[in-house]
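Subject: Structure handover

Hi,

Here is the structure I promised to pass on. Please open it alongside this note.

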Amino acid sequence: MNALNIVEYTQLLGSQAKAASALMARAPAAIKNKALLALARRLREQSQALQQDNAQDVQRAQAAGLAEPLVDRLRLGPKAIETCAQGCEQLAAMPDIIGEIMGMKQQPSGIRVGQMRVPIGVFGMIYESRPNVTIEAASLSIKSGNAAILRGGSEAMASNQALARLVSEALAEAGLPEHGVQLVGTTDRAVVGQLIAMPQFVDVIIPRGGKGLIERIAAEARVPVIKHLDGNCHTYVDDPCDIAMAVQVADNAKTQKYSPCNASEGLLVARGVAQEFLPQIGAIYAAKGVQMRCDAQALAILRAVPGADLAEASEQDWSEEYLAPIISIKVVDGLQEAIAHINHYSSHHTDAILTRDHMHAQRFLREVDSASVMVNASTRFADGFEYGLGAEIGISTDKFHARGPVGIEGLTSLKWVVLGQGEVRG
């Protein structure tokens with residue numbers, strides 16, 4: 001497309017979304033749930049065909065030399081498709097929060113004042129690699145009564161187009177507007193620049209991808225942005241702790257999957273348990289081929305682990321999101337140093353403490369300034385599906401409006417409602 005056509009095309013998407021948003025907002029819960037269940041059914045029925053379309057994207061990505069963590073994010077296997085279907089069903093089973101009124105209070109004047117939850121209107125979603133985001137975004141758009149414009153990465157175009165067709169069919173089956181969820185049909189990057197500069201059509205932009213993409217959108221957008229830049233998550237092994245449990249959780253938090261933003265990239269260990277804990281977790285990481293970038297104290301302990309891939313940590317390592325089989329390891333004096341390290345170096349996404357001390361756990365929860373803070377659990381739980389949100393549109397490390405996994409509530413706004421019986425102000 002030429003520049004003029006890109007402007008016209010993007011404005012057409014925006015005007016269609018704006019018109020559809022009014023119909024989506026007033027759709028009854030039963031109709032929205034019908035669309036979600038129809039989408040879940042279609043995902044299962046078309047699982048084989050979807051995997052074939054996805055295989056084209058994966059092959060093209062590998063031929064183009066895309067890094068393996070990014071290729072991994074691109075894959076859409078049977079398990080991922082089933083998770084998408086379950087997410088749609090989970091959303092359908094959840095109460096409809098649109099239109100609910102809360103906090104209604106009688107005022108001295110006689111009026112009653114409260115707040116009503118309403119859809120935001122139109123959100124634009126810009127994302128890379130993961131085709132399952134198409135379904136997560138579409139299903140949340142339907143449940144929350146919003147219209148959505150989805151712009152996936154060029155590397156996943158075949159997968160995204162196949163998924164978007166299923167969304168369109170589900171919308172039609174339920175009697176919802178065909179433009180309720182639209183997928184941008186071109187890989188031209190100029191569309192992104194247009195989409196993030198249309199406040200007359202788009203109410204919020206949600207970027208989900210690499211740091212470069214999110215930084216660009218945050219800098220150039222003329223509409224509000226819900227974002228997170230990095231997933232530099234930490235697991236802190238406290239003194240005292242259950243060592244066996246700590247080994248299991250620290251292993252899972254790093255190695256269950258390397259590419260997600262909620263995998264732990266930093267491991268902090270209290271000095272009092274380091275001699276017992278580090279050799280055990282080090283042996284597991286060594287067996288799985290995880291490189292350990294350590295401070296001097298951790299390095300001295302881990303050198304005794306056979307086959308350990310060790311390196312001295314640089315200052316940059318404490319801030320790094322690896323998305324790979326690499327972890328930074330530091331021995332700290334205790335809870336206070338761990339909290340200070342996390343608040344300084346963390347991306348404020350998800351951080352966990354493994355401890356048997358209730359007071360330490362409470363301090364960690366209060367003082368660690370992150371969107372999700374955990375006690376005795378793997379950071380890998382920090383996503384919408386595991387939090388019972390049905391699906392997530394992304395994870396926000398912002399502090400206004402939405403923070404952490406963004407589900408239905410994050411795609412709504414509150415407006416004030418006033419109920420009276422003829423009161424006038426004196």
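How many nonpolar, polar and charged residues does the lining of the largest pocket have, by class? The lining has 15 nonpolar, 17 polar and 16 charged residues. Bear in mind that this is a predicted model.

Now the rest of that pocket. The largest pocket has a volume of about 1,300 Å³. Its lining is made up of 48 residues. Nearest the centre of this pocket lie R130, N132, K257, R380 and D383. The largest share comes from α5, with six residues.

Next, the second largest pocket. About 290 Å³ of space lies there. This pocket is lined by 14 residues. Closest to its centre are E128, R151, G153, R189 and L213. Both β3 (122-127) and α9 (211-220) supply at least two residues of the lining.

Which element gives the most to the lining of the second largest pocket? That is α9, with three residues. By class, the lining of the second largest pocket splits into four nonpolar, five polar and five charged residues.

Best wishes

Note on methods
Residues numbered from 1 in each chain as written. Predicted model: local features only at pLDDT ≥ 70, side-chain atom pairs only at ≥ 80, totals over all residues. Heavy atoms only, no water. 1 Å grid on protein atoms, 1.4 Å probe; cavity = no way out; pocket = protein on both sides within 12 Å on 5 of 7 lines; lining within 4 Å. Points joined across faces, edges and corners; volume = space filled by probe spheres on them. Helix = DSSP H or I, 4+ residues; strand = E, 2+ residues; numbered from the N terminus. Nonpolar A, V, L, I, M, F, W, Y, C, P; charged D, E, K, R; others polar.
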